[in-house]
Each structure stands twice: as C-alpha cells, then as structure tokens.
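Reader: I would like to go through how the chains of this model meet. Please take it step by step.

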Amino acid sequence: MTRGVLFSPLARAGRRRHKLRADSWRLRVFLTTDDRRLITEMPFACIFVSDFPVEALLRAEPDLRSQAVAVLEGKAPLQKIFAANEKGRRAGVSPGMTKLQVEACTDLVLRARSSLQEAAAHAALLDCAQSFSPRVEDAGCGTVLLDLAGLEPLFGPLPKIARDVARRACDLGLEANVAVASNPDAAVLAAHGFSGVIVIPEGREAEQLGSLPVEVLFMNEESLQLLEILERWGIRNLRALAALPDVALSERLGQEGIRLQQLARGCASRSLVPVETPLVFEEAVELEYPLILLEPLAFLLSRLLEQLCARLSARALATQELHLDLTLGNTTDDVGTDAPVRPSSGQGRAQARQTFHRSLRLPVPLLDPKVFLKLLQLDLNAHPPGAPIVKICLSAEAVRPRATQGGLFLPPSPEPEKLELTLARIAGIVGPNNVGSLQLLDTHRPEGFRMNRFAPGQRQKQPARNENDKSSEDAARKQNEGAVTALRIFRPPGRAAVTLREGRPVHIACPKRKEICGEILWAAGPWRSSGDWWEQEGWARDEWDIALQEATGITLYRLVRDLLSGQWQVEGSYD
Amino acid sequence: MSPLFSTQAGCAAVFAPRKEPALVLKRLATVPKLASVTPASQLEVRSSPEMVSSGIREIDALAGGLPRGCLSEICGSASSGRTSVLLAALAAATRREEVCALVDTTDALDAISAAAAGVELERLLWIRCGGGRRASDNRPEVRRPTSDARSLEQALRVTDLLLQSGGFGLVAIDLGDVSHSEARRMPLASWFRFQRAVEPTPTVLLVVAQEPCAQTCASLLIRLQSGKKLSAFSCQLSVQSELGPAHAQLLDGLQIEGELLRSRLQRKPAQSVTAAFATKAVRVS
C-alpha cells in the first residue's frame with residue numbers, strides 16, 4: 001500500500017491521504033511527518049513539460065488552454081499530428097494522424113509546429129531553473145534538471161522549493177511537472193510519470209516509482225525493441241522490472257537491461273552535467289497570416305513583452321535595450337491599397353529583403369511590459385514597417401536592475417518610466433530631434449550645440465572636491481546670480497538689407513519680419529569672429545548690436561554680416 | 001397619492017433658528033444626507049504655497065519669488081527682459097537640482113545665453129515646437145493652420161503631457177515671440193486645466209508672453225519693461241579707454257523694470273509696486 005500524504009499550499013503537514021488540487025497544478029508528496037526526517041539529501045529536481053510542442057504554442061496563445069489543441073508537422077498536404085494536449089487526446093487525436101483525419105473533430109484547434117516558439121519555451125524553462133539553482137542540466141526537449149543541494153536555507157524545505165519551481169514555470173506560461181528525488185534519473189522518471197509536484201524521500205524511490213508503467217523508461221529513446229520484449233514478458237510497471245533477478249536479466253538483455261532495472265529501482269547514479277545558459281532573452285512568433293494593422297501587432301507584442309519580462313524577472317534582471325525585428329511579407333501579394341502601414345524612410349529599413357529593425361534604448365533599466373509596449377507603439381507609429389508582417393522577433397539586452405534609494409528631502413524628479421513615455425509622446429508631437437537636453441560644443445560657431453537624449457538621472461557623480469574647488473564653484477555661482485542679457489534666436493535668421501554709413505549700419509529692412517525696418521538708433525560693434533577655416537565649412541562674421549524704434553518701444557537686435565557671402569542677417573533679439 | 005416633495009421632521013428641527021450653532025452642527029451630522037457636507041465654519045484655509053527663488057533678487061523682493069503649484073506669468077514686449085528672467089528662474093531651479101522643462105513655442109532659446117545664465121543644461125528638457133508631423137498633414141483638404149497656431153497647439157499638448165508626467169520642478173512655456181492675437185486664441189479651459197494639474201504638485205508653471213494670456217488662472221503676474229534709461233543708450237555702453245580700438249563700444253546690459261500686476265498670495269497694493277534690475281551682456285570670447 002502506498003503511504004502518502006497530499007500537500008497543497010493550504011494543507012498542513014502531517015495530514016494523510018488528502019487530495020487537493022491547486023489552481024493549475026497538483027501537488028502530491030508521498031511522505032509522512034516521520035518520513036520527512038528521512039529527507040536529508042534529495043538534491044535533484046526535474047522540471048518536465050509534457051506535450052512540449054503544444055505547451056510552447058499555448059504559451060503564446062494562453063486562451064487556447066481550455067480547448068483541444070493539436071500540433072501539425074510537415075508540409076501540406078502531408079501534414080501529420082505531431083503532438084496534442086490532454087483534451088485533444090481525449091477527443092481521439094493521437095500523433096501520426098493525418099490532418100484530414102483530425103479535421104472531423106470540430107472543437108479541435110490545429111496549429112503548425114513552431115521551432116522558434118519551442119526554443120523560446122525551452123529557454124524560459126532554463127531561466128526558471130536558473131532562477132533557483134546555478135547548476136542546471138539541459139536534459140532535452142522540455143526537460144530540465146537542477147541541483148537543489150544547499151538551497152534549503154535560501155528557499156525553505158524541499159516541498160516548498162518544488163512548489164515554487166512549479167509556480168515559477170506557471171508564471172512563465174508553462175504547466176510543468178516537478179519531481180524531487182535523491183538522484184537525477186529518479187527525478188526525471190518521476191517527473192515524466194507523475195503529474196504535478198512530487199517529492200520522493202530518499203530510500204523510497206523503488207516504492208514510489210514502482211507504479212509507473214515501463215513506457216516511462218523509453219520516453220526519450222527511439223528504439224522500442226526492449227519495450228516490446230518487456231511487454232512479451234508481461235512486465236507492465238517498474239515494480240515488476242525491479243523485481244527481476246539481476247543475473248537472469250543481464251543474461252537476456254545485457255547491460256542495457258541492468259541499466260533499465262537500476263532506473264526502475266531508482267538507484268542509478270550519475271553526475272549532473274551543468275550547462276551555462278547564455279543571457280539571451282528572445283521571443284519570437286511566426287504568424288499564419290500577415291499582419292497589416294498595428295493594433296493586432298500591439299496585441300502580439302504585449303504577449304511577447306510579458307513573456308520576456310517574466311523571464312528577465314525570473315533571473316532578477318532588467319533591460320535597457322529592446323530590439324524588434326519584423327520579417328515582412330510581399331506588399332503586393334498580401335495587402336491591399338488601403339493598408340495602414342506606410343512606407344518608412346531611412347532608419348527603419350534595414351534590408352531590401354523584408355526585415356524591419358527597430359531598437360529601443362532606455363536611459364535606465366526597466367522591467368515593465370506596459371511601458372515597453374507603449375514605447376514600441378509610439379515608435380512604430382512614427383516609423384511604420386511599410387509592409388505586412390509575417391514574423392515578430394523581440395529580444396532584450398539583460399542588465400542589472402536599477403537600484404536606487406529614494407530620499408525624503410531630495411528635489412522632485414520625474415519617474416524614469418513616466419519620463420520615458422512622456423518623452424516618446426512629446427517626440428511624436430514635435431519630432432524626435434526637437435526634444436532633449438542641450439550640450440554645448442567646443443566651438444565658437446553659431447548654433448554650436450547638439451541635442452542629447454534627456455536623462456537627468458544619468459548625471460555622473462563628481463568626485464570628491466577639495467575646499468578650493470568648492471570655493472571657486474561658489475564664486476562662480478555668485479557671479480551667475482542675477483540676470484544676463486539673453487538673446488532670442490530667430491530660426492531661421494531673417495535676411496536684411498542694411499545701409500552703411502562710414503562702415504556702420506544706419507538703416508535696416510527685413511522683408512520677412514516687418515517690424516524690423518527703419519533707422520538704426522544705435523549700433524555697437526562689430527564683434528568679429530571666424531573659425532573652421534581649415535575645413536570646408538569655414539565661417540567668418542561680424543556681429544552688430546543695434547537698436548530700433550518700434551511701436552512697443554525700443555528693441556535691440558543682433559545683426560550679423562557673413563563675411564564669406566556678404567549677406568546681412570538678423571540673428572535674434574536681446575530680451 | 002404621494003407628494004412630490006416631502007419635508008422630513010428631522011430636517012425641519014435641524015434648521016430651527018432658535019437652536020444653538022453647536023447643537024445645529026451635531027444634529028446636521030445625524031442627518032444621513034448631510035453627513036458628508038462640511039460646514040463652512042469647519043473649512044480649512046488653504047495653506048499658502050511654498051515660494052522659490054526666481055534667481056533675481058529684485059524679483060524675489062517684489063513678489064516673494066515664484067509660487068510652487070501655481071501658474072505664474074511674466075509679460076512684456078520685446079527687449080523687456082522676459083527671457084533674462086526666464087533663464088534666471090531656470091538657472092535657480094537647476095541649481096536646486098530640480099528637473100526643468102522649457103516648452104519653446106518659437107524655438108528661440110539661445111544655448112549660450114542659457115549656459116551663461118547658469119542653467120545646468122543636463123537638467124533642462126528643451127522642447128522645440130513647430131516641427132514634427134501632424135495627423136492632418138496627409139489630408140490636403142484640411143486647411144493647414146499658420147505656423148504660430150501649429151506651434152501653439154503643440155505647446156499646449158506638450159505642456160499637458162509634462163504636467164501629467166509630474167516630477168518637474170519648473171515647467172516654462174515661452175510664448176515670447178507669439179503674437180498677442182494668436183496667444184489670446186488659446187482657450188481659457190487649457191489654462192484652467194494647467195492650473196488644476198499643477199496645483200497639487202510642487203511644480204512652478206511659468207508662462208512668458210507679450211501680454212497676459214492666462215487671465216485669472218495666473219496666481220502671479222509681473223509685467224516687465226525696459227528701464228527709462230534705455231532711451232539714453234550711453235548708460236548701457238561700456239566705452240573702453242581711448243586707447244582701445246574704435247569698435248570697442250559694446251552692449252553692456254539692459255535696465256529692466258518689473259511691476260507686480262497681480263498676486264493671489266498677498267493683498268493688492270494701493271499703488272503699483274515696481275522693482276528695477278540690470279542685466280549683464282554675454283559675449284563669447
């Protein structure tokens with residue numbers, strides 16, 4: 001008889017044979033209170049996602065989780081069922097059936113197999129494992145092993161760790177079985193055989209695994225010859241296989257038979273082969289039909305961003321740079337003339353062959369999918385792809401999250417997330433080049449500045465200054481206190497006709513600015529400057545400060561004569 | 001048949017004139033419909049806003065500084081010193097390590113003047129209106145507004161976004177080169193919206209224009225004009241010594257007079273209150 005206790009987040013320790021069902025996964029722990037003393041070393045956990053190709057698709061389309069779903073593989077018209085979920089199997093769908101055979105099922109949802117989504121789902125599974133343990137083994141498609149040794153002081157007892165692993169996988173969009181055992185192979189078998197979460201105490205592997213069918217041993221093996229032999233012998237479960245005499249089994253099946261028996265007894269031992277997964281966070285989706293509107297694209301982007309942010313969050317990371325790659329279809333074939341996607345110019349068009357790349361660089365690391373989505377929407381509105389979209393690939397550069405401590409007495413400053421959104425919206429109104437912060441260039445050339453991305457929080461802290469520096473800075477501040485005569489620049493400057501007398505301007509007429517016309521009351525100058533004469537863009541000019549009588553009073557202007565072209569221009573007014 | 005209106009006996013008793021005021025208040029609180037009504041005697045006086053320096057000592061002495069959470073307006077004609085005051089306020093705010101934004105309606109900011117005024121340019125968000133693409137640009141049948149109107153439209157939208165975003169110490173709208181006729185077309189509802197948006201925040205909203213345009217929404221209104229000495233230009237000229245070159249006659253600065261036209265924060269003075277200050281010329285050398 002199986003001694004077992006069913007635990008759930010709500011169940012107390014010590015209860016026996018209660019079967020509770022959690023929201024999305026079942027937790028079964030076969031141990032008693034006394035048995036828990038035996039769990040001294042169960043350092044391996046296995047995360048297994050059954051029907052992995054289907055789960056990878058359901059991760060992108062969670063709405064289909066309540067329906068029967070089957071995955072097709074192959075080229076039309078020779079498509080065959082590759083995998084189906086539990087509801088699909090109950091509807092009579094099994095791998096190997098042709099598309100024509102399953103089309104009779106009315107409620108069945110058919111999807112083409114997507115290697116991109118499977119890769120992304122597997123990467124998410126590895127991220128889930130890596131968020132608990134640094135020693136993780138990639139055990140094949142949809143199966144990941146992790147070493148739990150030493151994690152109890154960090155995450156709590158092993159059943160809690162197993163529950164947390166399953167919950168983390170669920171957050172990443174994958175319903176996974178989690179099994180904890182004292183050796184990797186036992187954990188893998190338990191994860192393949194039992195649904196939900198299971199913790200097998202050390203020394204009870206054979207007892208717990210005994211009820212599993214022998215097919216579990218051949219889940220990842222292509223040769224089923226041994227399975228047929230075992231079936232002919234009447235071996236139906238692992239308990240029967242474990243009870244066979246070793247020598248007799250070795251004589252008939254060789255070393256492979258011994259290996260299978262050790263697996264069935266749960267006493268096989270091997271070392272974990274840890275992998276170092278690169279910090280690549282990429283999500284992709286291939287579309288069955290080309291997208292021609294930005295609204296459904298935003299819907300898909302939202303899902304991808306949520307998955308991406310969940311993965312980053314699982315690894316305690318954030319991102320400062322997002323890359324969006326859109327594969328575009330043929331405009332003439334796929335979209336009519338009323339398509340809202342417009343041809344974009346310049347930056348966005350990467351290659352003639354239908355790839356469209358956009359990058360989103362942020363001043364601070366963020367991890368908010370809503371903010372990312374809004375920023376991408378604003379960016380795509382400003383730079384539309386120009387053709388129907390057939391594939392979406394979104395990747396993030398992982399960085400450490402921002403660690404800041406707020407202060408009660410710090411001056412007000414905008415929140416980085418809000419500021420980014422505000423800047424993107426403003427850039428959509430006035431143009432991306434017309435918003436930012438100023439940076440003066442080391443030149444005397446007029447308009448010697450450039451616009452930088454506005455990031456007030458990115459200012460680098462100055463090193464500790466000595467008293468002399470502080471005093472000189474205070475002196476400079478005192479000198480700056482008070483008002484300076486500011487110039488208001490006319491962009492573009494207004495051309496003017498100037499009359500000179502004895503080398504000084506005495507009359508001015510500016511056709512584009514009617515108010516600048518008349519006798520010059522007073523003129524000061526010239527202030528001569530030149531530069532860049534060693535380059536093609538050399539410049540030389542004389543500046544005059546002039547006063548004109550206008551209806552509102554006397555107004556001061558800056559008048560400039562370009563010495564290279566001889567033209568007079570009104571550059572601005574003093575105010 | 002039930003009457004359309006009914007008078008409750010309790011209410012009639014509450015409003016009986018012979019009751020003591022405290023008793024009336026107690027009875028009021030017991031009436032469910034009036035429970036949420038705060039009596040006028042218990043209304044709290046709105047606290048006066050925090051004042052921050054405008055960067056010019058004379059303006060601070062004149063108006064007490066610029067109020068946080070209020071709309072302040074500085075008006076004056078060309079060469080009256082509006083931009084000088086604006087840059088001084090921006091410099092003072094950035095010196096307080098606050099993040100500032102300048103909505104430059106006519107793209108008139110001079111970077112060198114801003115740096116000379118002491119503005120920390122890294123903390124200043126400069127928005128140059130007049131560019132960008134409008135949704136109606138693709139529709140030729142729509143009459144395109146003048147550039148001033150388009151810039152004003154952009155300035156209003158940008159200011160809305162900035163105030164909603166929050167966190168700015170000072171948001172300045174520069175309407176200095178926008179004609180008064182265009183500025184008056186700005187809907188009063190926008191100014192009320194700005195005032196309401198900025199009210200619960202520590203942001204100073206500063207508007208620079210030729211004539212007052214925010215009307216009653218402005219808590220502080222200062223008119224600037226050229227000093228009387230401006231007509232005699234000799235006082236602004238720093239004539240170098242006779243040994244200097246002939247062209248050494250340069251603009252030294254402006255004499256500015258400011259008049260406090262309105263302040264919600266203090267009683268209106270019986271006669272006009274003015275202050276005068278001078279600006280220093282900036283020249284790259």
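Reader: How many residues of chain A are in contact with chain B?
Author: The model is a predicted one. On the chain B side, 70 residues take part in the contact. On the chain A side, the number is 52.

Reader: Which element of chain A gives the largest share of the side that touches chain B?
Author: By class, that side of chain A has 26 nonpolar, 17 polar and nine charged residues. Its largest share is seven residues, and they come from residues 416-430, helix H15 of chain A.

Reader: Are H15(A) and H6(B) roughly parallel or antiparallel to each other?
Author: Helix H6 of chain B spans residues 147-165, and its axis comes within 10 Å of the axis of H15(A). The two axes cross at roughly 175°. Angles over 145 degrees count as roughly antiparallel. H15(A) and H6(B) are therefore roughly antiparallel.

Reader: How many nonpolar residues does the contact of H15(A) with H6(B) have?
Author: From H15(A), the residues that meet H6(B) include A:Leu419, A:Ile426 and A:Arg425. Among those they meet in H6(B) are B:Val158, B:Leu161 and B:Arg157. By class, the contact has three charged residues, three polar ones and, as nonpolar residues, seven.

Reader: Which residue in E12(B) is the bridge partner of A:Val484?
Author: Strand E17 of chain A (residues 483-484) pairs with strand E12 of chain B (residues 273-280). The pairing is in the parallel sense, over two bridges. In E12(B), the partner of A:Val484 is B:Lys280.

Notes:
Residues are numbered from 1 along each chain as its sequence is written. Chains are lettered from A and ligands numbered from 1 in the order in which they are written. This is a predicted model: local features need pLDDT of at least 70, side-chain atom pairs count only at pLDDT 80 or more; totals for chains, interfaces and linings use all residues. Two residues are in contact if their C-beta atoms, placed from the backbone, lie within 7 Å. Helices (H or I, at least four residues) and strands (E, at least two) are DSSP runs, numbered from the N terminus. Ala, Val, Leu, Ile, Met, Phe, Trp, Tyr, Cys and Pro count as nonpolar, Asp, Glu, Lys and Arg as charged, and the others, Gly among them, as polar. Two strands pair if DSSP finds at least two bridges between them. Axes are lines fitted to C-alpha atoms, for helices over the stretch in contact, and angles run from 0 to 180 degrees between N-to-C directions. Angles under 35 degrees count as roughly parallel, over 145 as roughly antiparallel, 65 to 115 as roughly perpendicular and the rest as oblique.
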